[in-house]
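This report looks at the fold of a single chain and at the surroundings of its ligand. Please keep the sequence and the coordinates at hand while reading.

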Amino acid sequence: MFNDTQFKIIFEYLKKRYGNHIGEGRHRITFESKYCVIKLPHNSAGYLANLYEAKLYKTDIYIRHRLAKCKIVYFGDFAILVMQKLNTSWHWTEMPSWSKHYDCQQVGTTRQGEWKAYDYGY
Ligand SMILES: Nc1ncnc2c1ncn2[C@@H]1O[C@H](COP(=O)(O)OP(=O)(O)OP(=O)(O)O)[C@@H](O)[C@H]1O
Ligand SMILES: [Mg+2]
C-alpha cells in the first residue's frame, strides 16, 4: 500500500543515488540510471499503476512486444517499478499508429530503435 512516510524516505534515497528526477506525472516520479528508469509513486493511484504495469508486462503475451520491459522491486514492503529506459523525444507525427491506443501517445524507442509504450498502467 502507498505510504507517505515511506515515499519521503525512498525519494531521498533515490535522489542521493540517481540525482534529480527526469520526469514527473500525475502519479509517479521518474529517476534515471544508465539503462533503466525507476518510477516512484507519489500517490495510491501511482502505486497501483506500478503494480498493474508489472503485471501486464509479465502476463499479456499478446501485447508485451509493445511494452517497455519492467519489474517490481521492493523497498521493505513498498513497491517501486524499474523499467527499460526509452528515448521519449519524438514528435507525435513520427510515432507508430498503434501509439494512439495509449494515453497521450506515451511511447518511445529502445536503444535498438523499437517502439514501446512506457505509461500503460491504468
Ligand atoms: N521508460 C521510460 N523511459 C524514459 N522516460 C520515462 C519512462 N517512463 C517514464 N518516463 C518519464 O517520466 C514521466 C512520468 O512517468 P509516467 O508517465 O509513467 O508517470 P504517470 O504519473 O503515470 O504519468 P501521467 O501523468 O501521464 O499519468 C514521463 O512523462 C516521462 O517523461
Ligand atoms: Mg505519463
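In which sense do β3 and β5 pair, and over how many bridges? In this predicted model, the two strands β3 and β5 pair in the antiparallel sense over 4 bridges, and C36 stands opposite Q84 in β5. The strand β3 also pairs with β2, again in the antiparallel sense, over 5 bridges, and β2 and β3 form a hairpin with 3 residues between them. In that pairing, F31 stands opposite I38 in β3. Because 5 of the 6 residues of β3 are buried, this strand is largely enclosed by the rest of the structure.

| Strand pair | Sense | Bridges |
|---|---|---|
| β2 and β3 | antiparallel | 5 bridges |
| β3 and β5 | antiparallel | 4 bridges |

Turning to the chain as a whole, there are 2 helices and 7 strands, which follow one another from the N terminus in the order α-β-β-β-α-β-β-β-β. The radius of gyration is 14 Å, close to the 14 Å that the globule rule gives for 122 residues, so the chain is as compact as a globular protein of that length. Of the 122 residues, 25% count as buried, and residues 24 or more positions apart account for 40% of the contacts with a separation of 6 or more.

Around ligand 1 there are 21 residues, of which G23, G25, R26, H27 and T30 come nearest. The elements that give two or more residues to this shell are β1 (23-24), β2 (28-32), β3 (36-41), α2 (44-59) and β5 (78-84).

Methods
Residues numbered from 1 in each chain as written. Chains lettered and ligands numbered in written order. Predicted model: local features only at pLDDT ≥ 70, side-chain atom pairs only at ≥ 80, totals over all residues. Near = placed C-beta within 6 Å. Rg over C-alpha atoms; globule rule 2.2 N^0.38 Å. Buried ≥ 20, exposed ≤ 12 C-beta atoms within 10 Å, placed from the backbone. Contact = placed C-beta atoms within 7 Å. Pairing = 2+ DSSP bridges.
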